[in-house]
Amino acid sequence: MSTEVSGMIECRPGARTWGEDDEDAVWRVAIDLVFLNTGNAYDALACLFGVRNSFGFRPLTEGRGLPEDASDRLRSEFTAWGGPESAHGTTWITWAELTAADWDGTDRSGTRSRLVVAGEGTHWAPVWDVMRVLGGLHGAENVRLVVWFD
């Protein structure tokens, strides 16, 4: 049985200008991952999110659940998808965390690096491109990727 990734990139467009506590600095869905064709390469899912991690990667993020301040649209999509009863591995990561990550970190065997399996030259590149642009506009800490798996 395969594991598929679902999720969305969220952004807080008003936070950089007015501050994170401003009433207009709320999280909003920027794009659904379905449009970015991430695929389900298990080594990438392992190194990024700890899902199907038979490779022995130290994941960048794992098991954080849905963000407490997730947008209404994201919550609605997650619920329509089946919510916590149907999803596993739900987690999130900001663009700031992704840019600070050790992309040279390898799996247990030392043969696969994070950069090789999920970096710029992989099917995850469109996700990183969108997050980079939004981070440049709104601040890296105001852009995040929220994912869940079936």
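This is a predicted model: local features need pLDDT of at least 70, side-chain atom pairs count only at pLDDT 80 or more; totals for chains, interfaces and linings use all residues.
1. Start with Trp81. Trp81 is partly exposed, at a relative accessible area of 27%.

2. The ring centres of Trp81 and Trp148 are 6.3 Å apart, and their planes meet at 65°, so the pair is edge-to-face. Trp81 belongs to helix α3 (residues 72–81) and Trp148 to strand β4, so the pair ties together parts 67 residues apart in sequence. Trp148 has a relative accessibility of 3% and counts as buried. Trp81, in contrast, is partly exposed.

3. How many aromatic pairs does a search of the whole structure find? The search finds 6. One of them joins Phe49 and Phe149: the ring centres lie 5.7 Å apart and the planes stand at 50°, so this pair is tilted. Phe49 sits in helix α2 (residues 42–49), while Phe149 sits in strand β4 (residues 143–149).

4. Phe49 and Phe149 belong to a cluster linked by ring pairs.

5. Which rings does the charged end of Arg144 sit over? One is the ring of Trp27, with the charged end 3.7 Å from the ring centre. Another is the ring of Trp92, where the distance to the centre is 5.9 Å.

6. Next, the largest pocket. Its volume is about 190 Å³. Among the residues lining this pocket are Arg58, Pro59 and Leu60. The lining also includes Ile93, Glu97, Ala101 and Asp102. Gly105, Thr106 and Arg114 line the pocket as well. By class, the lining has 4 nonpolar, 4 charged and 2 polar residues.

7. Is Arg58 buried or exposed? Arg58 is exposed, with a relative accessible area of 69%. Arg58 and Arg75 are 17 residues apart along the chain, and their C-alpha atoms are separated by 28 Å.

8. Stay in the loop between α2 and α3, where Arg52 is also found. Arg52 is not a glycine, yet its phi is positive, at about 55°. Its relative accessible area is 38%, which makes Arg52 partly exposed.

9. Compare that with Val127. Val127 lies in helix α7 (residues 125–138). Its relative accessible area is 0%, so Val127 is buried. Val127 and Leu145 are 18 residues apart in sequence. In space, their C-alpha atoms are 8.7 Å apart.

10. Last, the cysteines. How many disulfides are there? The count comes to 0. For a disulfide, two cysteine sulfur atoms would have to lie within 2.5 Å. Cys11 counts as buried, at 5% relative accessibility. Cys47 counts as buried too, at 0%.

Methods:
Residues are numbered from 1 along each chain as its sequence is written. Side-chain values use heavy atoms; hydrogens and water are left out. Rings of Phe, Tyr and Trp (its six-membered ring) pair if their centres lie within 6.5 Å; planes under 30 degrees apart count as stacked, over 60 as edge-to-face and the rest as tilted. Helices (H or I, at least four residues) and strands (E, at least two) are DSSP runs, numbered from the N terminus. Buried means under 20% relative accessible area, exposed over 50%, partly exposed in between (1.4 Å probe, protein chains only). A charge sits over a ring if NZ of Lys or CZ of Arg is within 6 Å of the ring centre and within 35 degrees of the ring normal. On a 1 Å grid over the protein atoms alone, a cavity is a set of points where a 1.4 Å probe fits but cannot get out, and a pocket is an open set with protein on both sides within 12 Å along at least five of seven lines; lining residues have an atom within 4 Å of a point. Grid points are joined across faces, edges and corners, and a volume is the space filled by probe spheres set on the points. Ala, Val, Leu, Ile, Met, Phe, Trp, Tyr, Cys and Pro count as nonpolar, Asp, Glu, Lys and Arg as charged, and the others, Gly among them, as polar.
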